[in-house]
Amino acid sequence: MAAGNEEISLPASVRRLLPPFAAAPFGPLLTLSLRSLARRRPGLFERLGEHSTAHFLIDPTDLSFAFSVVPDGASAVVRVTGKSGSAPSDVVIRGPLLMLLGILDGTLDGDALFFHRAIAVAGKTEAVVALRNAIEDAELRPSDLLGLRGALARLADAGILGGLSAARHFAADTPVAKARQA
């Protein structure tokens with residue numbers, strides 16, 4: 001798993017395409033996806049134990065909105081929220097979107113990103129550790145979240161993971177990222 005200490009953020013042109021109001025459909029879509037995953041792989045959610053009802057605020061620092069997530073299996077809920085910090089949360093995880101997605105798909109090491117201060121975590125440490133362990137053990141692929149199987153799953157995984165890899169590479173090559181590395 002790779003992890004650099006440079007911040008890889010979405011380019012400003014992409015961020016402009018994702019104003020807060022454009023994120024409204026993400027909440028219901030991500031809720032359905034998480035609940036579907038819970039039906040197909042209940043052990044993933046059972047691994048969270050008492051922390052399945054914890055409120056996780058996932059705050060992509062390069063977007064103008066955040067996600068409030070309660071990973072409670074078949075009752076999981078994802079809401080799009082503002083950056084005001086007014087959403088109740090037991091845990092706050094902040095970092096650039098491409099890094100947060102890299103942790104989810106396993107291409108980036110969350111521990112290394114945390115220790116290099118590329119992401120920040122606050123709140124109930126035991127809930128964060130439970131979530132990290134569940135995600136790491138699950139070896140999630142994009143097709144798992146989309147509920148795809150067979151050739152379509154392989155195609156979706158290759159396309160999405162390839163796209164994320166290209167986006168991280170592109171973001172790392174921007175003048176802002178290069179200036180931060182210097």
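## Basis and overall fold

A contact, as the word is used here, means heavy atoms within 4.5 Å. In this predicted model, residues 24 or more positions apart account for 64% of the contacts with a separation of 6 or more.

The protein has nine helices and five strands, and along the sequence these elements follow the pattern α-α-α-β-β-β-β-α-α-β-α-α-α-α. Of the 182 residues, 41% are buried, while the exposed surface comes to about 9800 Å², with carbon and sulfur atoms supplying 60% of it.

In soluble globular proteins, nonpolar side chains tend to be buried together. The largest nonpolar core of this model holds 39 residues, among which Leu44, Phe56, Ile58 and Val69 touch the most other members. At least two residues of this core are supplied by each of helix 2 (26–40), helix 3 (42–46), strand 1, strand 2 (66–70), strand 4, helix 4, helix 6 (125–138) and helix 8, and the largest share, seven residues, comes from helix 6.

Which residues is Ile58 in contact with, leaving aside its neighbours within four places in sequence? They are Ala66, Phe67, Val69, Ile93 and Leu100.

## Helix 4 and its cover

Helix 4 spans residues 97–105, and its buried residues are Leu97, Leu98, Met99, Leu100, Gly102 and Asp105. The cover over these buried residues includes strand 1 (56–60), strand 4, helix 5 (110–115) and helix 8 (150–172). After helix 4 comes Gly106, whose phi is positive, near 85°.

Asp157 is found in helix 8, and because its relative accessible area is 10%, under the 20% cut-off, Asp157 counts as buried. Leaving aside neighbours within four places in sequence, Asp157 is in contact with Arg141, Pro142, Ser143 and Gly162.

Ser84, by contrast, is found in the loop between strand 3 (77–81) and strand 4 (91–95), and its relative accessible area of 60% lies over the 50% cut-off, so Ser84 is exposed.

## Aromatic pairs

A pair of aromatic rings is described by the distance of the centres and the angle of the planes. The count for this model comes to three aromatic pairs. One of them joins Phe65 and Phe67, whose ring centres are 5.6 Å apart and whose planes stand at 85°, an edge-to-face arrangement. Phe65 counts as buried at 2% relative accessibility, and Phe67 counts as buried at 11%.

The rings of Phe114 and Phe115 have centres 5.2 Å apart and planes at 75°; since an angle over 60° is the criterion, this pair is therefore edge-to-face. Phe114 is partly exposed, with a relative accessible area of 35%, whereas Phe115 is exposed, with a value of 66%. Ring pairs also link Phe26, Phe65 and Phe67 into a cluster.

How values were computed. Residues are numbered from 1 along each chain as its sequence is written. This is a predicted model: local features need pLDDT of at least 70, side-chain atom pairs count only at pLDDT 80 or more; totals for chains, interfaces and linings use all residues. Side-chain values use heavy atoms; hydrogens and water are left out. Helices (H or I, at least four residues) and strands (E, at least two) are DSSP runs, numbered from the N terminus. Buried means under 20% relative accessible area, exposed over 50%, partly exposed in between (1.4 Å probe, protein chains only). Accessible areas come from the Shrake-Rupley method with a 1.4 Å probe; for residues, only the protein chains shown count as cover. A nonpolar core is a set of buried Ala, Val, Leu, Ile, Met, Phe, Trp, Tyr and Cys residues joined through side-chain atoms within 4.5 Å. Rings of Phe, Tyr and Trp (its six-membered ring) pair if their centres lie within 6.5 Å; planes under 30 degrees apart count as stacked, over 60 as edge-to-face and the rest as tilted.
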